[in-house]
Amino acid sequence: RVNRVLGHLLSSSPSTPAPLLLPLPAMSASSQHDPNCATLSTHVLNTALGTPGRGLRIRLEAMGGASLNDEWKELFSDVTNDDGRVKGFPELRTGTYRIRFETQQYFDALKTECFYPHVQVVFKVKDGEHYHVPLLISPYGFSTYRGS
């Protein structure tokens, strides 16, 4: 549609639309998504301040065995951006994963005492689905859910 509208806008004659001028953008290799993998996103909101949780360290780990007592392998680590989000999570396969939110460091930077030094959210994924795991935090509480 964009190409058609641009073609009409750039046409020399109102009755004859110009040919489609712009190719549809191709996906780069890095932006292609394997439909057999799961995707992940998160969003941290500080409910005490009513602001995004900026600068909060997040670690994504995969369960290494069949039990939650088995080893966890770190897959990804980053810090939330100004909007409280992290970009660049790896694609995931069916399995059990954990996001660890380093809340102590976050609240220390705000010079605020907190009760939970970190929050761990353990969840299961299936191939081909998207999972949004938000975290709502305050110094003495937190909440999470499966978003969309």
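Mentor: Helices and strands are taken here as DSSP runs, a helix having at least four residues and a strand at least two, numbered from the N terminus. Please keep in mind that this is a predicted model.

Trainee: In which pattern do the helices and strands follow one another along the sequence?

Mentor: The chain holds two helices and ten strands. Read along the sequence, they give the pattern α-β-β-β-β-β-β-α-β-β-β-β.

Trainee: Is the pair of Tyr-106 and Phe-107 stacked or edge-to-face?

Mentor: The search of the whole structure finds five aromatic pairs. For Tyr-106 and Phe-107, the ring centres are 5.0 Å apart, and both residues are buried. Planes over 60 degrees apart meet the criterion for edge-to-face. The planes of these two rings stand at 75°, so the pair is edge-to-face.

Trainee: What is the arrangement of the rings of Phe-115 and Tyr-116?

Mentor: Phe-115 is exposed, at 55% relative accessible area, while Tyr-116 is partly exposed, at 30%. The ring centres of Phe-115 and Tyr-116 lie 4.9 Å apart. Since their planes are at 80°, the arrangement is edge-to-face.

Trainee: Which elements give two or more residues to the lining of the largest cavity?

Mentor: One cavity of 30 Å³ or more is found in the whole structure, and the space in the largest cavity is about 40 Å³. Its lining includes Thr-103, Phe-107, Ile-137, Ser-138, Gly-141 and Phe-142. The elements that give two or more residues are helix H2 (103-109), strand E9 (135-138) and strand E10 (141-144).

Trainee: How many residues of the lining of the largest cavity are nonpolar?

Mentor: Among the lining residues are Cys-114, Phe-115, Tyr-116, Val-119 and Pro-139. The division by type gives three polar residues and no charged ones. The number of nonpolar residues is eight.

Methods. Residues are numbered from 1 along each chain as its sequence is written. This is a predicted model: local features need pLDDT of at least 70, side-chain atom pairs count only at pLDDT 80 or more; totals for chains, interfaces and linings use all residues. Side-chain values use heavy atoms; hydrogens and water are left out. Rings of Phe, Tyr and Trp (its six-membered ring) pair if their centres lie within 6.5 Å; planes under 30 degrees apart count as stacked, over 60 as edge-to-face and the rest as tilted. Buried means under 20% relative accessible area, exposed over 50%, partly exposed in between (1.4 Å probe, protein chains only). On a 1 Å grid over the protein atoms alone, a cavity is a set of points where a 1.4 Å probe fits but cannot get out, and a pocket is an open set with protein on both sides within 12 Å along at least five of seven lines; lining residues have an atom within 4 Å of a point. Grid points are joined across faces, edges and corners, and a volume is the space filled by probe spheres set on the points. Ala, Val, Leu, Ile, Met, Phe, Trp, Tyr, Cys and Pro count as nonpolar, Asp, Glu, Lys and Arg as charged, and the others, Gly among them, as polar.
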